[in-house]
Amino acid sequence: MARPRSGLGHGLEALVSSRDWNDPASPSAPPDKTEPAHPLPIPAIQWEVATLVQRGRKGRRLFLSTLRRRASHGLKRRRLRGVSLLAALNALGADGWELVAIEGRRFYLKRPSAISGR
C-alpha cells in the first residue's frame, strides 16, 4: 500500500519509490537469489615483490631488494645513491609498484609481473 505523499514536489515524488520490494510480481523487485550467478573468471596475477629499506642513523642510505618473477632468478639488491626516500617511492610508483605495507624503516611493494617486461 502506498503511503500518502503530501507536501512533496513532483521531482521528489519521482525519487521516492511507491513499489513494494517484497512483492515478486513487482517489475522493479530485486532479482531472485535462487538464480545461478555466472561470475566472470578472475585471471591469476603473478606479482613481483620488492623491499625498500632505510639504513644509517639518519636513514640516508636506501637499499632496494627485488624478487624476480621466478624464484630461480633470485633476489636482486642494489643501493640507491643520492635519492631521498620520497623521490625513491615516487619513482617506484611511476614504474608500477604499489606500496603494500610499512614496518619501521622497511617498505614492502608489489607490482604485476606483466607490467615489468623483464
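The largest nonpolar core is made up of ten residues in all: A50, L52, L62, L64, L80, A88, L92, W97, F107 and L109. A nonpolar core here is a set of buried Ala, Val, Leu, Ile, Met, Phe, Trp, Tyr and Cys residues joined through side-chain atoms within 4.5 Å. Buried means under 20% relative accessible area, exposed over 50%, and partly exposed in between, with a 1.4 Å probe and protein chains only. At least two residues of this core come from each of β1 (47-55), β2 (61-67), α2 (85-94) and β5 (106-112). Helices (H or I, at least four residues) and strands (E, at least two) are DSSP runs, numbered from the N terminus.

The model is predicted, with local features requiring pLDDT of at least 70 and side-chain atom pairs counted only at pLDDT 80 or more, while totals for chains, interfaces and linings use all residues. Residues are numbered from 1 along each chain as its sequence is written, and side-chain values use heavy atoms, with hydrogens and water left out.

The chain as a whole may now be considered. The chain contains three helices and five strands, which follow the pattern α-β-β-β-α-β-β-α along the sequence. Of the 118 residues in the chain, 21% are buried. The accessible surface of the chain comes to about 9,600 Å², and carbon and sulfur atoms account for 55% of this surface; the areas come from the Shrake-Rupley method with a 1.4 Å probe, and for residues only the protein chains shown count as cover. Among the contacts in the chain with a separation of 6 or more, 38% are between residues 24 or more positions apart.

Confidence is expressed by pLDDT, the predictor's confidence in each residue, from 0 to 100. The chain averages a pLDDT of 75, and 57% of the residues score at least 70. Confidence in the chain is highest in β4, at 94, and lowest in helix α1 (residues 10-15), at a mean of 54. Where pLDDT is low, the predicted coordinates should not be read in detail.

How are the strands arranged in the open sheet? The five strands lie in the order β3-β2-β1-β5-β4, with antiparallel pairing; two strands pair if DSSP finds at least two bridges between them. Because β3 (75-80) and β4 (98-103) stand at the edges, each with a single partner strand, one side of each is left without a neighbour in the sheet. From one strand to the next, the twist averages 20°. Helix α2 packs on the sheet, where α2 touches β1, β2, β3 and β5, and the direction of α2 makes about 175° with that of β1. Axes are lines fitted to C-alpha atoms, for helices over the stretch in contact, and angles run from 0 to 180 degrees between N-to-C directions.

The sheet can be followed pair by pair. Strands β2 and β3 pair in the antiparallel sense over six bridges, and L67 stands opposite L75 in β3. Strands β1 and β2 are joined antiparallel over seven bridges; here Q54 stands opposite L62 in β2, and A50 has T66 as its bridge partner in β2. T66, in strand β2, counts as buried because its relative accessibility is 8%. Leaving out residues up to four places away in sequence, T66 touches V49, A50, G74, L75, K76 and W97.

The bridge partner of W47 in β5 is P112. Strands β4 and β5 in turn pair antiparallel over five bridges, with I102 opposite F107 in β5. These two strands form a hairpin with two residues between them, and G104 in the turn has a positive phi of about 65°.

Although E98 and K110 are twelve residues apart along the chain, their C-alpha atoms are separated by 5.3 Å. E98 counts as partly exposed because its relative accessibility is 38%.

How values were computed: Contact means heavy atoms within 4.5 Å.
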